[in-house]
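Subject: Structure for you to look at

Hello,

Here is the structure I said I would pass on. Please open it first, then read the notes below with it on screen.

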Amino acid sequence: MDLECCSYYLQLPLLTCCLFLLYSIFNVFAAARSCGSGDDQLAPRSYPVVGCLVDFYRNRRRLLGWYTALLAASPSQTIVVDRLGARRTVVTANPANVEHVLKGNFGNYPKGKPFTEVLGDLLGGGIFNVDGEMWYRQRKMVSHEFSARVLRETDSGRGDVVGVDLEGSRGARVLHAALCETMRLYPPVAWDSKHAAEDDVLPDGTRVGRGDRVTYFPYGMGRMESIWGPDAGEFRPRRWLALPRDGVSPFKYPVFQGGPRTCLGKEMAFVQMKFVASAVLRRFERRPVAEGSPVFVPLLTAHMAGGLKVTVTRRRHRQQNGTCER
Ligand code: HEM
């Protein structure tokens, strides 16, 4: 064996040891970051430089499910998604945090330029897409259009058309409960983000830096056992009938957001949904064409991938004399 060859055989174990050592240090560091050093809720696996890019990429087609699982496992129902090339994002399903962002420290959490600039061409300077003084003035101006009186008039007009009482009756309360339950599991706005104007600390201790994105997550919140109990994943409209009259806190169920920027069309949306449900469901039976669950797509507002194809048949009407006709 010549000298060169001998030194090669000596170097190989040394190199292996070095690599192993480096790998161990890397893992310890990564584990420390994913388990939370200081921030308890750093749940996605995070590595130096790239952050949680690898996990994010792996889960990019199932972000709703991934975030929901991470949030459920996080002690404070908050996670920090920090990956190379993207803004640091705090995702929370913690009602105290949601209340803080949407109400308590509302002024520090505008939609922010990253949102309003992207949607500027589509929404212009309308109420959906402005912050600060411009938003406040528009909100004051349009609030009247959504006043209780205007809505009552619309409601009674529509109720007359379909021949049902859209408020008050037991049927109407059950329908209301079914709609709330549907939107609990499939909220039309699955997630919604604000951008911090200044550094802040959320009620659960999560640090927020100036410019960070803070996302409250109605989809995940609808599935948190910490909010809804062990049957959180089940469709059970009855849970709404058992609630007190003023319902559930908008910070536990932020489907229509909460605080000063609460959806102005909430009542109108319920009137429309009840109108459609009464007009269509009473007369027609629908059966999904495909088996299995449709895929929920959370874009600006949610929809079902490829739509929901159904077979429609006219229901038999019960006549006054008790016989039925097609
Ligand atoms: C089920 C149906 C609906 C849902 C789930 C919903 C949900 C929401 C949410 C989450 C926001 C907050 C968006 C944000 O600030 O980032 C919002 C805002 C708003 N919604 Fe709705 N919405 C619904 C229907 C409607 C309807 C039918 C109207 C009007 C007739 C309406 C009018 C508004 C307005 C004007 C705002 C802006 C409020 C503000 O920025 O001060 N919404 N909605």
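The model is predicted. I start with its largest nonpolar core, which has 25 residues. Those that touch the most other members are L71, I79, V81, V91, V101, V214 and F217. Two or more residues come from each of these elements: helix α3 (63-73), strands β1 (78-81) and β2 (89-92), helix α4 (95-104), strand β6 (213-216) and helix α9 (218-221).

Leaving out residues up to four places away in sequence, F217 touches Y67, L71, V91, T92, A93 and W191.

Now a pair of helices. Two packed helices are described by the angle between their axes and the distance between the axes. For α8 (residues 170-185) and α12 (residues 266-281), the axes come within 11 Å and cross at roughly 110 degrees. Angles of 65 to 115 degrees count as roughly perpendicular, so α8 is roughly perpendicular to α12. The crossing is right-handed. On the α8 side the contact is made by L175, H176 and L179, and on the α12 side by F270, M273, K274 and A277. Of the residues in this contact, 5 are nonpolar, 1 is polar and 1 is charged.

Last, two backbone angles. Most residues other than glycine have a negative phi. Which way does the phi of Q77 go, positive or negative? It is positive, near 55 degrees. Q77 lies in the loop between α3 and β1. A residue is buried if 20 or more other C-beta atoms lie within 10 Å of its own; Q77 has 25 such neighbours and therefore counts as buried.

Q257 is not a glycine either, and its phi is positive at about 60 degrees. Q257 sits in the loop between α11 (238-241) and α12. With 18 other C-beta atoms within 10 Å, Q257 is partly exposed.

Regards

Terms used:
Residues numbered from 1 in each chain as written. Predicted model: local features only at pLDDT ≥ 70, side-chain atom pairs only at ≥ 80, totals over all residues. Axes fitted to C-alpha atoms, helices over the stretch in contact; angles between N-to-C directions. Helix = DSSP H or I, 4+ residues; strand = E, 2+ residues; numbered from the N terminus. Parallel < 35°, antiparallel > 145°, perpendicular 65-115°, else oblique. Left-handed = near helix turned anticlockwise from the far one by under 90°. Contact = placed C-beta atoms within 7 Å. Nonpolar A, V, L, I, M, F, W, Y, C, P; charged D, E, K, R; others polar. Core = buried A, V, L, I, M, F, W, Y, C linked by C-beta atoms within 7 Å. Buried ≥ 20, exposed ≤ 12 C-beta atoms within 10 Å, placed from the backbone.
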